[in-house]
Amino acid sequence: MNIKLLSIVTALTLALTACDNAEQVQTPAKPETQIIKPVEQKPTEIKVEAPLATDEDPYIWLEEVEGEKALAWVEENNKVSLGYLKGQDLYKELYEKNLKVYDSDERIPYVGQMGDYFYNFWRDATNQRGLWRRTTLAEYKKDNPKWEVILDLDKLAEAEGENWVYKGSNCLYPEYKRCLLNLSRGGADATVVREFDIPSKSFVEKGFYLPEAKSQVNWIDLDTVYVGTDFGDGSMTDSGYARIVKEWKRGEPLEKAKTIFEGEKENVWVAAFVAHDKDKSYKLIYQGLTFYTSDIFLVTDDGLKKLNRPQDSSFSGISNEQMLLELKTDWTVNGKTYPQAALLSQNIDDYLDGKTNFTEVLVPDNSTSISGVSTTKDYILINTLKDVASELYRYQFKGGKWSNEKVNMPDLGAISVTGSSDEHNNFFVNYNNFLTPSSLYYFDEATNKASVLKSLPAFFDASPYKVEQKFAKAKDGTKIPYFLVMHKDTEYNGKNPTLLYGYGGFEVSLRPSYSATIGMDWLEQGGVYALANIRGGGEYGPRWHQAALKKNRHIAFTDFITVGEDLVASKITSPKHLGIRGGSNGGLLVGTVATMRPDLFNAVVCQVPLLDMKRFNQLLAGASWMGEYGNPDNEDEWEYIKTYSPYHNVDKDTQYPKIFFTTSTRDDRVHPGHARKMVALMQEQGHDVLYYENTEGGHGGASNNKQSASLNALIYTYLADQLK
């Protein structure tokens, strides 16, 4: 199956996943490319007209993202925080080390295959905005492959006077000559969509074009696309995504495009796409009812046909005529019950004829979850987590049954399929762990094994350190796993500066992955790093996630506190030396536990966070996350939300650690007003806090290597100052 949208549900989940720092590696080249004349289009302001201050919310004016008063407040706070942190000797040392790594030529250029070519997007010191380029498999296998540059983003940005950030492409199957490029101003989620011709390396004159918006555009054929975008008043959902899908013909004014589906205003979003399975194709419409429920329709000559599936299940694609469905809850159909977390399959033609006789592909046990499903020509690849360590299996459907074999990979690490194709059975798979840099393996069907194709150098000396997995016991008896990375000679004396990281939401799993930044900026400074796999995440599948939904949200927070207490009880550290970090939903996590247990931590890094849980659903994409947190406009649900909302629980008479809040003006996913208002309130109450808002960067907080290097240098300088 070839779905350039990959997985709609996965894409929505990533819409709240924190972006720590992109350290995945890619390599440089300096060929020339053609730049087309600029398109005259002014950037869309990420602007929410803030209501006037009230007794209930005196700082609501800070929600006006680009308001003059709000930006003056940002500038003043940035000046204070940057002056304090950049004035320390450690900052400069860490910044230079970070930038050297991020700009290093010794990085793996991860690729995606389209036809006979392997495509890569690459940034380095010379190419700050990046190069979109391609090569052949024969070249890619070489130590120094030759790359053909398709588009130079730095030259494009200079020629057009725009701060373009590349946000991906969607190319027409199966020739991949025409693409729809997504270009963001300053890293925002909203993009400008422009049609690009790969053979001529140029934008198509009078081609498909959409102004800046949160759009979804997918090819039907060379002259037709499905489009969901901001068509004007009433065309967007409460979450800020497309509510309407149209079929748009080349040369036709957008307003004349034929409407094929309309969702409801309270839906999360609506999109249409085409799934390819060898010589067959299927036109599908996805209607996101909530963040976790959806209806999916097949577009037929006789109209729309709704697929018979649980609304909370994940549609994982079509491969070799088998439709794949992943269950989030038990499902009883035709007298048979299929268990939660099972991956099911059924012949697509039988399924569309109304039959529901599924075959169980995989039913994970209590220690295992499915973390990814991808396809090759004749197989599906299932990436699993067993007690948070990755294992990869190839499954094949023959004679009405599924068989499988394990792909031989190193143990106790994170495995990711980074490139597969429906045209053959070869694929790329990446492996790393806390102390082992990434290695890119290539599985060749001819040899039936995966061998190392490229490897990262070690950006820090890992030999002095060790990794341990421990389990902290929650009050309800649940064992909460967490990883510890520390020096082999660490003394259990309660004095070790320790950083605890967590996320705990949206069924996102935190895995044992290599981070040069953590190694250089923290471990080499004498720090201990802890990674908590708390409930709310996906480490043990849907049950682990659903245990901390809505009214049970406190479970994620108490799990995190439990791990922190375990670190103290085992004398790894003490509250004086224990810090926590999280971003996005993880920002809510650390913001909440800081108000719940300020005595347990002496440093808090709260990045691009949700903090005002009374208004989160009214700001930017916030309405889409009510499936996770609940609806604060519903009195019954606000009753439990208000018990943890950091903005409503910070207290002037409580002593808090000096919290470091970071966000981005260009974050159009989690509104920067969350962090702004929390800081203003805490300052008014007399608390000592730090605040840094990057004027670029989107939800990741940084839009290029220099900004990433600086942001992490600021964070680890702060942590060292607080905890050492």
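Guide: Let us begin with a turn between two strands: a hairpin links β29 to β30 through 2 residues. The model is predicted, so local features need pLDDT of at least 70 and side-chain atom pairs count only at pLDDT 80 or more, whereas totals for chains, interfaces and linings use all residues. Residues are numbered from 1 along each chain as its sequence is written, and side-chain values use heavy atoms, with hydrogens and water left out.

Visitor: Which other strand pairs with β29 in the antiparallel sense?

Guide: That strand is β28 (residues 414-420), whose antiparallel pairing with β29 extends over 6 bridges. Ile415 stands opposite Tyr431 of β29. These two strands, β28 and β29, also form a hairpin, with 6 residues between them.

Visitor: Which residues of β29 point one way, and which the other way?

Guide: In a regular strand the side chains alternate between the two faces of the sheet. From β29, Phe427, Val429, Tyr431 and Asn433 point one way, while Phe428, Asn430 and Asn432 point the other way. A residue is called buried under 20% relative accessible area, exposed over 50%, and partly exposed in between (1.4 Å probe, protein chains only). Because 7 of the 7 residues of β29 (residues 427-433) are buried, the strand is largely enclosed by the rest of the structure.

Visitor: How many residues of β7 are buried?

Guide: Strand β7 (residues 191-197) is mostly covered, with 7 of its 7 residues buried. Thr191, Val193, Glu195 and Asp197 point to one side of β7, and Val192, Arg194 and Phe196 to the other.

Visitor: Which strands pair with β7?

Guide: Among them is β6 (residues 178-185), antiparallel to β7 over 6 bridges, where Leu181 stands opposite Arg194. The hairpin of β6 and β7 has 5 residues between the strands, and Gly186 takes a positive phi near 75 degrees there. Strand β9 (residues 209-213) pairs with β7 in the antiparallel sense over 3 bridges, and Val193 faces Leu210 of β9. Strand β8 (residues 202-203) is likewise antiparallel to β7, over 2 bridges, with Asp197 opposite Ser202. Between β7 and β8 is a hairpin of 4 residues, in whose turn Lys201 has a positive phi of about 55 degrees.

Visitor: Let us turn to helices. How many residues has α15, and how far does the helix reach?

Guide: The expected span of a helix is 1.5 Å times one less than its number of residues. Helix α15 (residues 705-723) has 19 residues and reaches 27 Å from its first C-alpha to its last, close to the expected 27 Å. Of those 19 residues, 17 are buried, so α15 is largely enclosed by the rest of the structure.

Visitor: At what angle do the axes of α2 and α15 cross?

Guide: Two packed helices are described by the angle between their axes and the distance between the axes. Axes are lines fitted to C-alpha atoms, for helices over the stretch in contact, and angles run from 0 to 180 degrees between N-to-C directions. The axes of α2 (residues 68-86) and α15 come within 10 Å and cross at roughly 70 degrees. This makes α2 roughly perpendicular to α15 (65 to 115 degrees; under 35 is roughly parallel, over 145 roughly antiparallel, and the rest oblique). In contact terms (heavy atoms within 4.5 Å), Leu82, Tyr84, Leu85 and Lys86 of α2 meet Ser710, Leu714, Thr717, Tyr718 and Asp721 of α15.

Visitor: Finally, which cysteines form a disulfide?

Guide: A disulfide is a pair of cysteine sulfur atoms within 2.5 Å, and the count by this rule is 1. Cys171 and Cys179 form the disulfide, with their sulfur atoms 2.1 Å apart. The torsion about their S-S bond is about 105 degrees, so the disulfide is right-handed. Both Cys171 and Cys179 are buried.

Methods: Two strands pair if DSSP finds at least two bridges between them.
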